[in-house]
Amino acid sequence: QHLLRELSKQRVGDRPDRCEPRAVKRRPKPQKLLAKPRAEAKAELLNNRRGDNPKGAAKADPRQRC
């Protein structure tokens, strides 16, 4: 409570001609998001590269690097 009271005492100065764009900075990328731990994803890539694919698993993308 004390901290909030102290913070509320400070005023923000007038900042004329300041504005921020409402836009997303990062462009969409062609790669998928990493949805699992990096070590697990790397091991999966290495297994797919060696041909140790379990039945029904997707083939490795030749563009991916390890």
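These legends walk through several close-up views of a predicted model.

Residues are numbered from 1 along each chain as its sequence is written. Because this is a predicted model, local features need pLDDT of at least 70 and side-chain atom pairs count only at pLDDT 80 or more, while totals for chains, interfaces and linings use all residues, and side-chain values use heavy atoms, with hydrogens and water left out.

**View 1. The protein chain as a whole.**
Start with the overall picture: the protein chain has two helices and zero strands. Helices (H or I, at least four residues) and strands (E, at least two) are DSSP runs, numbered from the N terminus. Of the 66 residues, 3% are buried. Here, buried means under 20% relative accessible area, exposed means over 50%, and partly exposed lies in between (1.4 Å probe, protein chains only). Accessible areas come from the Shrake-Rupley method with a 1.4 Å probe, and for residues only the protein chains shown count as cover.

**View 2**
Side chains of opposite charge can pair when their charged atoms come close. A salt bridge is a side-chain nitrogen of Lys or Arg within 4 Å of a carboxyl oxygen of Asp or Glu, and the whole structure has two of them. In this view, Lys9 pairs with Glu6, and their closest N and O atoms are 3.2 Å apart. Both residues sit in helix α1, three residues apart, or about one turn of the helix. Lys9 is exposed because its relative accessibility is 59%, whereas Glu6, at 34%, counts as partly exposed.

**View 3. The salt bridge of Glu44 and Lys36.**
Here the side chains of Glu44 and Lys36 meet, with 2.7 Å from N to O. Glu44 has 37% relative accessibility, so Glu44 counts as partly exposed. Lys36 is also partly exposed, with a relative accessible area of 32%.

**View 4. A nonpolar surface patch.**
Look for Leu3, Leu4 and Leu7, which make a nonpolar patch of about 330 Å². Patches are made of residues with over 30% relative accessible area and no salt bridge: like charges are joined within 9 Å, and nonpolar side chains (Val, Leu, Ile, Met, Phe, Trp, Tyr) within 5 Å. Leu3 belongs to helix α1 and is exposed, at 59% relative accessible area.

**View 5. A positive surface patch.**
Lys25, Arg26, Arg27 and Lys29 form this patch. Arg26 lies in the loop between α1 (2-9) and α2 (38-50). With 73% relative accessibility, Arg26 counts as exposed.

Notes: Lys, Arg positive; Asp, Glu negative; His and termini not counted. Charge placed at Lys NZ, Arg CZ, Asp CG, Glu CD.
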